[in-house]
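The following note sets out numbered points for a colleague reviewing this structure. Please read each point alongside the model.

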Amino acid sequence: MAGRMQPVLAGVVTALVGFASSFTVVLAGLRAVGATEAQAASGLLVLCVASGLCAAWLGLRHRLPLSIAWSTPGAALLVATGPVPGGWPVAVGAFLVSGLLIVAAGLFPALGRAVAAIPKPVAGAMLAGVLLPLCTAPVRALVEVPGLAAPVLVSWLLLHRFARRWAVPGALVVAAGAIALTTSGGGAGGLRPVVEVTAPQWSVPALVGLALPLFLVTMAAQNVPGTAVLVGYGYRPPLGAALRTTGLASMVAAPAGGHAVNLAAITAALAAGPDAHPDPDRRWIASVTAGVGLALLGLGAGAVTTLVGWAPPVLIEAVAGLALLGALATALTSALADPTAREAAVVTLVVTASGVSLAGVGGAFWGLVAGCLMLLLFRNRRTPPKP
């Protein structure tokens, strides 16, 4: 029974962490490009449901832990972009075109072969670079909100010592209890799901200034790292099918306010790693469970959003960081296992973890580029003899 429940439990944690760690960025991004409160709430709802359905379908179809999420870097891009000339309908039109571009990318097998050929040391290092900033959140939370963070960390340590599989769920329960006991609240929010559809409009400035950057950021900072995570754990994901599915889901969600659906990057490690199940062939259950959980969270987003919204952001990040410590260790081991590729792996890790953004593209993509260039530069160098 414990073995059967392990991937289900990992999927529940994946859904909770994926939702709680970045839903505020989604709301801020949608509002920044012109959405009303109702339109932003509609966008969050359809992103949860679309991501969940894609994860369930892809996991069942391919028997692989293909975690799906919304584009958090894409939402950050919306915040940076700000109001779009033409307002919210033009932004919705840009979301629709971005989804169409993702579908088009999935129609070219060469792209899938190129991503699947990422060297394991570089893939592991890029994953470690993506995870590292979030894994430092427990330390920051202990300094910034010690009264809330200390019980969470103590419960995680005790459960990790005596009942490891319950460590993160236990930390989540303690965090929820601490939030409920230390905040006065402010209403339960709307419990009935509402979808508000907007007819899309298009303009050349929005296509060039929003649709194309959103597509590039989603590919470079979500789909490429998300595929690399799976490659790092020994899987060969069907990138073309994933891109076509998530691109189509993005197009369907766009009129209701969804900006982009894609392969998960950070939370992908929760479903694809050994903590989900010792047998890699059973970990797809975790991603399917995560998809169902995320869809349900979207349907009940009122109460969940209210509770999580009461918490300091760093506390939610701390719980996510605790959940990802094992994945970080695995990624570092993979990155540094080959002595001939260690410099390239370290360069990948440093560039990715720096969080730099060049030309609207995040550090994960540039870390991949830097690591592959290092491998090419030193590909003929022999391992120095041992003294």
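1. Leu 377 is exposed, with a relative accessible area of 62%; here exposed means over 50% relative accessible area, buried under 20% and partly exposed in between, for a 1.4 Å probe and protein chains only. Leu 377 belongs to helix H17 (residues 363-377), where helices (H or I, at least four residues) and strands (E, at least two) are DSSP runs numbered from the N terminus. Leu 377 and Ala 344 are separated by 33 residues in sequence and by 9.5 Å in space, C-alpha to C-alpha.

2. On provenance, this is a predicted model, in which local features need pLDDT of at least 70 and side-chain atom pairs count only at pLDDT 80 or more, while totals for chains, interfaces and linings use all residues. Residues are numbered from 1 along each chain as its sequence is written, and side-chain values use heavy atoms, with hydrogens and water left out.

3. The largest nonpolar core comprises 97 residues, and Trp 70 and Phe 95 have the most contacts inside it. A nonpolar core is a set of buried Ala, Val, Leu, Ile, Met, Phe, Trp, Tyr and Cys residues joined through side-chain atoms within 4.5 Å. Helix H15 (residues 313-336) gives the most to this core, namely 12 residues. A second, separate core has nine residues, among them Met 126, Ala 228, Ala 364 and Leu 368.

4. Two aromatic pairs are found in a search of the whole structure. Rings of Phe, Tyr and Trp (its six-membered ring) pair if their centres lie within 6.5 Å; planes under 30 degrees apart count as stacked, over 60 as edge-to-face and the rest as tilted. How is the pair of Phe 19 and Trp 70 arranged? The ring centres of Phe 19 and Trp 70 are 6.0 Å apart with the planes at 65°, so this pair is edge-to-face. The pair links distant parts of the chain, with Phe 19 in helix H1 and Trp 70 in strand E1 (residues 68-70), 51 residues apart. Phe 19 is buried at a relative accessible area of 1%, and Trp 70 is buried at 2%.

5. Trp 88 and Phe 95 also form an edge-to-face aromatic pair, with 5.9 Å from centre to centre and 75° between the planes. Trp 88 is buried, at 5% relative accessible area, and Phe 95 is buried, at 0%.

6. Arg 63 is in the loop between helix H2 (37-62) and E1, and it is partly exposed at 45% relative accessibility. Although Arg 63 is not a glycine, it has a positive phi of about 55°.

7. The second largest pocket has a volume of about 490 Å³. On a 1 Å grid over the protein atoms alone, a pocket is an open set of points where a 1.4 Å probe fits, with protein on both sides within 12 Å along at least five of seven lines, and lining residues have an atom within 4 Å of a point. Grid points are joined across faces, edges and corners, and the volume is the space filled by probe spheres set on the points.

8. This second largest pocket is lined by 26 residues, of which Arg 164, Val 168, Asp 275, Ala 276 and Ala 323 lie nearest its centre. H15 supplies the largest share of the lining, six residues. Helices H1 (2-32), H8 (146-162), H9 (167-182), H12 (268-272) and H15 each supply at least two residues. The lining divides into 17 nonpolar, six polar and three charged residues, where Ala, Val, Leu, Ile, Met, Phe, Trp, Tyr, Cys and Pro count as nonpolar, Asp, Glu, Lys and Arg as charged, and the others, Gly among them, as polar.
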